[in-house]
Amino acid sequence: MTHSRRSVLRRGAGLAVAGTAASLAGCAGNGGGGSEGFDSGYAAFFTLNDWANEVAGDNASFEDPVDVGQLGHGWTPDGTLAADVAATDAFVYLDSPEFAWAQDLAATLESDYDTVATVDVLDGLEGDLLEWNHSHGESHDEEGHDEGDHDGEGHDEGDHDNGTRYDPHVWTDPVLAAEMVDTIATGLGEADPDNAEAYAANAEAYAADLDAIDDAFRSIAEDAARDVAVLAGHNSFQYLEARYGFRLRSPVGVSPQNEPTQSEIADTIDLVDAEGIDVVLYDRFQSPRLAESIVENSGAAEAVPVTPAGGTTREWNDAGYGYLEQMTEINVPAFERAFGAQ
């Protein structure tokens with residue numbers, strides 16, 4: 001069984017990351033954008049930029065300020081970004097402390113540039129966010145989640161900036177991704193009512209592709225030969241674990257700042273051998289050295305990359321990979337192999 005070439009790839013062309021926008025430091029405080037009508041915007045990182053362009057279609061174009069090879073969280077923008085964004089019509093972002101620069105920019109736009117629409121893709125999803133537990137080991141054993149169901153029970157339903165830290169990688173869950181895409185369509189439709197129906201139709205069409213990804217992961221969960229896989233790096237896939245009942249063992253945990261101890265690495269190697277795991281996963285945006293070391297010291301055969309889909313590489317960018325392609329070409333086949341669902 002394989003889903004690596006699914007109908008979800010209805011278009012091979014992804015969206016190249018735009019170059020740095022021209023400095024508009026002298027723009028007026030009302031941020032009119034310098035063009036008539038609604039036709040341009042910025043999105044806070046790769047995935048949101050991909051989605052915003054899919055929703056906008058031919059009616060507007062969005063740019064990603066984050067360079068190829070970098071992720072939007074922990075990123076620091078240059079001094080002209082606020083003026084650049086203020087000269088457009090919309091800013092699509094994720095209201096999470098892990099993207100503090102985007103939170104700050106959205107607040108500036110809302111207070112000083114009222115002609116720029118700000119679209120928070122997490123709006124309405126507060127109850128679905130997973131707490132970001134920075135412990136090592138198996139990262140998803142919180143109570144309040146049924147396997148294969150992600151109903152948000154057991155989580156604070158209040159504002160997600162209330163001091164509790166939440167895992168920002170919501171976009172890895174294709175079901176929640178569809179809700180975020182719909183939120184983008186609603187926000188753009190409110191800012192540009194003349195094209196609201198087109199935005200809604202584009203979002204609905206894209207949701208069908210996300211449904212195909214959902215089906216692929218559900219098939220993996222149903223056909224898995226084992227109930228655990230090893231991810232040698234920080235775990236960006238808690239939302240997939242919660243949705244499909246996957247169990248990922250990481251000697252690192254969810255925080256990229258964590259360093260695994262020798263004991264945790266040894267326990268992971270023991271798990272690989274005990275479960276007969278052939279493939280050790282690692283984050284493509286991190287070093288593969290830990291995965292390679294586990295493979296060398298266990299019965300596993302290969303280290304295989306996965307992607308948190310929060311950025312793109314030069315190779316993927318040149319190949320036209322968007323979010324859909326990263327999920328179907330990289331993550332789905334890697335999870336198939338890791339859980340023995342081929």
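1. Of the 342 residues in the chain, 54% are buried. The model is a predicted one. Its secondary structure comes to ten helices and eight strands. Take contacts between residues at least 6 apart in sequence: 74% of them join residues at least 24 apart.

2. Start with strand 3, residues 90–93. Is this strand covered on both faces, or open on one? Both faces are covered. Ala90 and Val92 lie on one side, Phe91 and Tyr93 on the other, and all of these residues are buried.

3. Strand 1 covers residues 40–43 and runs parallel to strand 3. Two bridges join the pair. To find the place by eye, go to Ala43, which stands opposite Val92 of strand 3.

4. Strand 4, residues 117–120, also pairs with strand 3. The pairing is again parallel, over four bridges. Here Ala90 has Ala117 of strand 4 as its bridge partner. Between these two strands the chain passes through helix 3, residues 100–112. This β-α-β crossover is right-handed.

5. Turn to the helices. Helix 1 (residues 46–56) packs on helix 5 (residues 196–223). Their axes are 7 Å apart, at an angle of about 125°.

6. Which residues make the contact between helix 1 and helix 5? Helix 1 gives Asp50, Trp51, Glu54, Val55 and Ala56. Helix 5 gives Ala198, Tyr199, Asn202, Ala203 and Tyr206. By type, the residues of this contact are seven nonpolar, one polar and two charged.

7. Helix 5 also meets helix 4, residues 174–191. The axes of helix 4 and helix 5 come within 8 Å and cross at roughly 175°. Angles over 145 degrees count as roughly antiparallel, which is why helix 4 is described as roughly antiparallel to helix 5.

8. Check the residues between helix 4 and helix 5. On helix 4 they are Pro174, Val175, Ala177, Ala178, Val181, Ala185, Leu188 and Gly189. On helix 5 they are Ala196, Tyr199, Ala200, Ala203, Tyr206, Ala207, Leu210, Ile213, Asp214 and Phe217. How do the residues of this contact divide by type? They are 16 nonpolar, one polar and one charged.

9. Tyr199, Ala203 and Tyr206 belong to the contact with helix 1. Tyr199, Ala203 and Tyr206 also meet helix 4.

How values were computed
Residues are numbered from 1 along each chain as its sequence is written. This is a predicted model: local features need pLDDT of at least 70, side-chain atom pairs count only at pLDDT 80 or more; totals for chains, interfaces and linings use all residues. Side-chain values use heavy atoms; hydrogens and water are left out. Buried means under 20% relative accessible area, exposed over 50%, partly exposed in between (1.4 Å probe, protein chains only). Two strands pair if DSSP finds at least two bridges between them. A crossover is right-handed if, with the strands pointing away from the viewer, the path from the first strand over the helix to the second runs clockwise. Axes are lines fitted to C-alpha atoms, for helices over the stretch in contact, and angles run from 0 to 180 degrees between N-to-C directions. Contact means heavy atoms within 4.5 Å. Ala, Val, Leu, Ile, Met, Phe, Trp, Tyr, Cys and Pro count as nonpolar, Asp, Glu, Lys and Arg as charged, and the others, Gly among them, as polar. Angles under 35 degrees count as roughly parallel, over 145 as roughly antiparallel, 65 to 115 as roughly perpendicular and the rest as oblique.
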